[in-house]
Amino acid sequence: SVMAPTCPQLYLYSANDPLAPAADVQEHMKQQAARGVDVSSHMWPESGHVEHYRNHPHEYAFYISQFLNKSLDSFETAPSGPDT
């Protein structure tokens, strides 16, 4: 879709989430990457729906921090101004 964001995207998901099956998340990530979106992800083998932070707080914080640092580095080095 033309309106879909092209900003970097992070997907934190699990292999056994009944509400967001891993195959569906992976297919969506594949579609986004095909559009040129910078996709980052981590899949836990077992973690219920929206339970990743509760079950894996240190890992979760690490992946969020890593993604934000990578995204901010990209933003800071992106060309800007009237010549772009």
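A salt bridge is a side-chain nitrogen of Lys or Arg within 4 Å of a carboxyl oxygen of Asp or Glu. The model is predicted: local features need pLDDT of at least 70, side-chain atom pairs count only at pLDDT 80 or more, and totals for chains, interfaces and linings use all residues. Residues are numbered from 1 along each chain as its sequence is written, and side-chain values use heavy atoms, with hydrogens and water left out.

**Exercise 1.** Identify the partner of K70 in a salt bridge and state which parts the pair ties together.

Step 1. The partner is D38, with the closest N and O atoms 3.2 Å apart.
Step 2. K70 belongs to helix α3 (residues 57-77), whereas D38 sits in the loop between α1 (22-34) and β2 (39-44), so the pair ties together parts that are 32 residues apart in sequence. Helices (H or I, at least four residues) and strands (E, at least two) are DSSP runs, numbered from the N terminus.
Step 3. Buried means under 20% relative accessible area, exposed over 50%, and partly exposed in between (1.4 Å probe, protein chains only). K70, at 37%, is partly exposed, and D38 is likewise partly exposed at 31%.
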